[in-house]
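Dear colleague,

Please find below the structure that I am handing over to you. My notes on what was found in it follow.

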Amino acid sequence: YRALSPQEKTAYDKILSFLIFLDSIQTANLPYETAHMAVNYVSADKRRAVLFGYDLHPRYLAHPPVVRLQGLDPEKLYKVTEINLPTGASSHSQHHDKVYSGDYLMKAGLHILSPWSGTSHVFELNAQ
């Protein structure tokens, strides 16, 4: 934590405070058996969730897998927001600030992983 820049500390603190806020978490999408890893946590009332994606050591030009979330309410609509952005930066994700049904997120999934080694992605999902 000491080695992080002020912007990185702000992003880290925001993520940590969100996780602490969750009254009960449900783990899903534990590590893929690829060069990527994804995990999501869902609140007990299924109104909020956070999705973490990590690009560990992807192969050159390999297509990253789709991340299918678990534990959401299929009937609810969720707004997806990328939250681990440096101050003033905008998201490059095609899913940022979009709304999807829980059913879609669990069946079709999101393309949040990338072909770049050592990259992380954190998305907050809020029921509408």
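Glu124 has its place in strand 6 (residues 119–127); helices (H or I, at least four residues) and strands (E, at least two) are DSSP runs, numbered from the N terminus. Please note that this is a predicted model, in which local features need pLDDT of at least 70 and side-chain atom pairs count only at pLDDT 80 or more, while totals for chains, interfaces and linings use all residues. Residues are numbered from 1 along each chain as its sequence is written, and side-chain values use heavy atoms, with hydrogens and water left out.

Is Glu124 buried or exposed? Glu124 has a relative accessible area of 13% and is therefore buried; buried means under 20% relative accessible area, exposed over 50%, and partly exposed in between (1.4 Å probe, protein chains only). Its side chain makes a polar contact with the side chain of Arg48, at 2.6 Å. A polar contact is a pair of N or O atoms within 3.5 Å; within protein, one must be able to donate a hydrogen and the other to accept it, and residues adjacent in sequence count only if both atoms are side-chain atoms.

**The chain and its strands**

The chain holds two helices and six strands, which run α-β-β-β-β-β-α-β from the N terminus on. Of its 128 residues, 37% are buried.

Strand 2 (residues 36–42) is largely enclosed by the rest of the structure, because five of its seven residues are buried. Strand 2 runs antiparallel to strand 3 (residues 48–55), and seven bridges join them; two strands pair if DSSP finds at least two bridges between them. One of the partners is Val50 in strand 3, which is bridged to Tyr41. The hairpin of these two strands has five residues between the strands, and Lys46 there takes a positive phi near 60°.

Strand 3 is itself mostly covered, with six of its eight residues buried. Eight bridges also join strand 3 to strand 6, again in an antiparallel arrangement, and Asp55 stands opposite Thr119 in strand 6.

**The largest pocket**

The largest pocket contains about 350 Å³ of space. A pocket is found on a 1 Å grid over the protein atoms alone, as an open set of points where a 1.4 Å probe fits, with protein on both sides within 12 Å along at least five of seven lines; lining residues have an atom within 4 Å of a point. Which residues lie nearest its centre? Of the 19 lining residues, these are Glu82, Ser93, Ile112, Ser114 and His121. Strand 6 gives the largest share of the lining, four residues.

**Leu85**

Leu85 is found in the loop between strand 4 (77–82) and strand 5 (98–101). With a relative accessible area of 24%, Leu85 is partly exposed. Leaving aside neighbours within four places in sequence, Leu85 is in contact (heavy atoms within 4.5 Å) with Ser90 and Ser91. The C-alpha atoms of Leu85 and Glu8 are separated by 8.5 Å, although these residues are 77 residues apart along the chain.

Yours sincerely

Terms used:
Points joined across faces, edges and corners; volume = space filled by probe spheres on them.
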